[in-house]
Amino acid sequence: MSHYLRNGLNAGIVFGIVTIFLVLIGFTVTASDLIGTFLGNASASGVLGLPAVTFHLLIFLFLLGVWSGASGARKSPTEADSWRRVLSGAGLAGLILGILAGGLAMLIGSLLLAGVRMSTYFAQLLPDAVRLYLLGLSPASAAIFYVIFFFISGLLGGVFAYRVLRGSWRKKFSIWINTKTQWILNGSGIQLFKRTKSIRLIVYALAIGIVLLIPLVIGDYWNYTLGTVGIYVLLGLGLNIVVGLAGLLDLGYVAFFAIGGYTVALLTAPAPHHLLWSFWIAIPIGIILAAVAGVLLGVPVLRLRGDYLAIVTLGFGQIIAIMLRSDALIAFTGGPKGVSAVGGPTFFGRSLGTPEDFVYLILLAVVLVIFVTIRLRSSRVGRAWEAIREDETVARAMGINTWSHKLLAFAIGAAFAGLGGVIFASRNQFTGPEDYNLMVSFNVLASVIVGGMGSIPGVVGGAFTLKGLPEVLRELENYRILAFGALLVVMMLVRPEGLLPTSRRKMEIKELHEDANEAGETSGGKT
Amino acid sequence: METIALETRGLTKRFGGLLAVNAVDLSISEKSIFSVIGPNGAGKTTFYNCVTGFYAPEAGEILFFNKSLVGRSPDQIAEMGIARTYQNIRLFANMTALENILIGQHHLLKTSWFEAILQTPRMRREETGALGEAMRLLRFVGLGGLGDQVARNLPYGAQRRLEVARALALKPRMLLLDEPTAGMNPIETMEMMRFIQRLRDELEITILLIEHDMRVVMGISEYIAVLDYGVKIAEGTPREIQGNTQVIEAYLGRAAASAA
């Protein structure tokens, strides 16, 4: 069997199964709604005399069909590309997809007519969803329609793959993009920006000014979301030092977050201790306690490597969570009920408790933590961390005391989490064991990995993706988490190094430039 | 009287029932080029790992300029002036060539994490100095201009030389090379031999060498020790080793030895 036919068969089966799955979970309805929102519902009504929802569903299915065709027409490593072969693969993919989709229409259509309540088995497969899938036709004609429909869209997918994805169009497109970017980069505005320091400063100042104004206009809901993202940035930056730089897989990171949160809660809340200390005093205490906890955890476990370290830290995170929930410490931590009325920051008697105030506070903390991270990373300490991540054995042979550097990474990472915890608990004015479950550790770790290990912009981007994207995806309602998970998987497949991976510092070139500059200047003084 | 750089007395390392290194006595003079040879599995790399502190020997003594190394950690031993390279190159693959060399200088720099955050003038001076030194070493091993390349992307020969540069960054008194010419063609091997001699002549470093290529061993060593099954079976100058029947036997078998 030719490579193209085999490819087409595979693609057809895979896409057929995916389509069946999507229909069974009722995603067709959501997809139709989504495309409706996207296109504007009014515009489509009356096209081909179809109801808008049907039209939108067909767009969605058409895209699936094109995709399956393109996938069936993948290039063969051994056989030469030709129209005949490409279309045979694409057509076969479309045909098989059509047969599977048509068969499904036949099946659920007949079941519907027979009066079977399919929603008992598939909660989302309501009669309306089935009717939508049947396009208002009888089961048999819907089945025939789907076979033809997917066959044609599959063929179009093949044409698309052959002409656009690997034909001359792609080359033309990339040349066009290149010349455009060159033109923009070499444009006088950008050149001026690069050369003149004062203009650079003005542009940066304007950018920062605009960023600072954003919280004033977006309202409490988005400020709250932005604050949550910011706290995850803090956590991510801390874990980035431990995992991204020093390469120590810590799954119990949430413990340090909890220590920060509970520190501020117990020090400022009226119950259970009635200390009523100031929020500002709680910050350094929370940071220090978290760092100390980092060291205490570090001392016994840092001899372990890789998976073993991950398991032990996972246990540590669980121990903290269970301790907070347990009745044994109820007098000290408030037990499962948590601590309410946690104090917030005040500034000369004025309370700074709105989500907006907290966004600024969090922004300040993030800037501070980024500053510390940059300074550490570009120093001897940061290099030692990276050396440990790359090859711990060799790092020791190069005279690095791996033990103390790993402890330092743990302590600093924990301190950042402690800071995040203090702000988090104070902003919510409440803290309880449920705030510190294992998912926090996983989310933070995911944001570090999604963003790009070791990279500061990566952590920020990762936190926005992990905490911001679900908010944006609210539109999808029930499928939010499904879509989110799928997006994460796709993202890691497409960019395994992360969204914004680190770039190595260019030191030699910079040094040479500086040498040249200094040689050119008569004074030789530094700026 | 010449100074002894490294001395082992009755050095023994056991893995379960296997005596990997068995009561080995060696004495290596300062600024010499000393080779340890032997068939595969003779215990040469185990010997290196004992000297550099990665294995704790069961018995025996290791003295480096009359200071005992037994019980010290690898990083302490590195700080005392023993640097090494690896048989299968082990660079920090995702870091640049310059960063690799800067890591070699780690123990010579004193900046604490606190100073690093504040970026004190002392820290800046130290970093500038370290970077200058790293550039100098890069040029010394002939990799000038490749400093910003990520180590993993360097060609094989350059990686070998970068590994030596990283070891030199420790300012060692003694350098342990583990098959430095493995996988090299004859021309590269010649270059590496000259380079090793230069290290000794110009930097006055004692060189301890594990090598399989007999042309290299006989060409540059001043003294050779032969290990077989963890036991030192011979030692002497290259000429003495070449005529030693026990050595020929270990490498080629008894029949070959009697034929010679």
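This is a predicted model: local features need pLDDT of at least 70, side-chain atom pairs count only at pLDDT 80 or more; totals for chains, interfaces and linings use all residues.
Two strands pair if DSSP finds at least two bridges between them.

**Where the two chains meet**

**Two packed helices in chain A**

- Helix 2 (residues 27–39) and helix 4 (residues 52–72) of chain A pack with their axes 8 Å apart, at an angle of about 100°.
- Angles of 65 to 115 degrees count as roughly perpendicular, and helix 2 and helix 4 of chain A are therefore roughly perpendicular to each other.
- From helix 2 of chain A, the residues A:T28, A:A31, A:S32, A:I35 and A:G36 take part, and they meet A:A52, A:V53, A:H56, A:L57, A:I59 and A:F60 in helix 4 of chain A.
- This helix contact is made of seven nonpolar residues, four polar and no charged.

**The nonpolar cores**

- The largest nonpolar core holds 164 residues, and A:L234, A:A290, A:A409, B:A165 and B:I207 are those with the most contacts inside it.
- Helix 19 (residues 402–428) of chain A provides the largest share of this core, 14 residues.
- Leaving aside residues up to four places away in sequence, A:A290 touches A:F256, A:I259, A:G260, A:A414, A:A415, A:A417 and A:G418.
- There is also a second, separate core of 47 residues, with A:A90, A:A101, A:A143 and A:F151 among them.

- Strand 7 (residues 174–178) of chain B is mostly covered, with five of its five residues buried.
- From strand 7 of chain B, B:M174, B:L176 and B:D178 point one way, while B:L175 and B:L177 point the other way.
- Strand 6 (residues 82–84) of chain B runs parallel to strand 7 of chain B and is joined to it by three bridges.
- Within that pairing, B:R84 has B:L176 in strand 7 of chain B as its bridge partner.
- Strand 7 of chain B also pairs with strand 8 (residues 206–210) of chain B, in the parallel sense and over five bridges.
- Here B:L176 has B:L208 in strand 8 of chain B as its bridge partner.

Key:
Residues are numbered from 1 along each chain as its sequence is written. Chains are lettered from A and ligands numbered from 1 in the order in which they are written. Axes are lines fitted to C-alpha atoms, for helices over the stretch in contact, and angles run from 0 to 180 degrees between N-to-C directions. Helices (H or I, at least four residues) and strands (E, at least two) are DSSP runs, numbered from the N terminus. Angles under 35 degrees count as roughly parallel, over 145 as roughly antiparallel, 65 to 115 as roughly perpendicular and the rest as oblique. Two residues are in contact if their C-beta atoms, placed from the backbone, lie within 7 Å. Ala, Val, Leu, Ile, Met, Phe, Trp, Tyr, Cys and Pro count as nonpolar, Asp, Glu, Lys and Arg as charged, and the others, Gly among them, as polar. A nonpolar core is a set of buried Ala, Val, Leu, Ile, Met, Phe, Trp, Tyr and Cys residues joined through C-beta atoms within 7 Å. A residue is buried if 20 or more other C-beta atoms lie within 10 Å of its own, exposed if 12 or fewer, and partly exposed in between; C-beta atoms are placed from the backbone.
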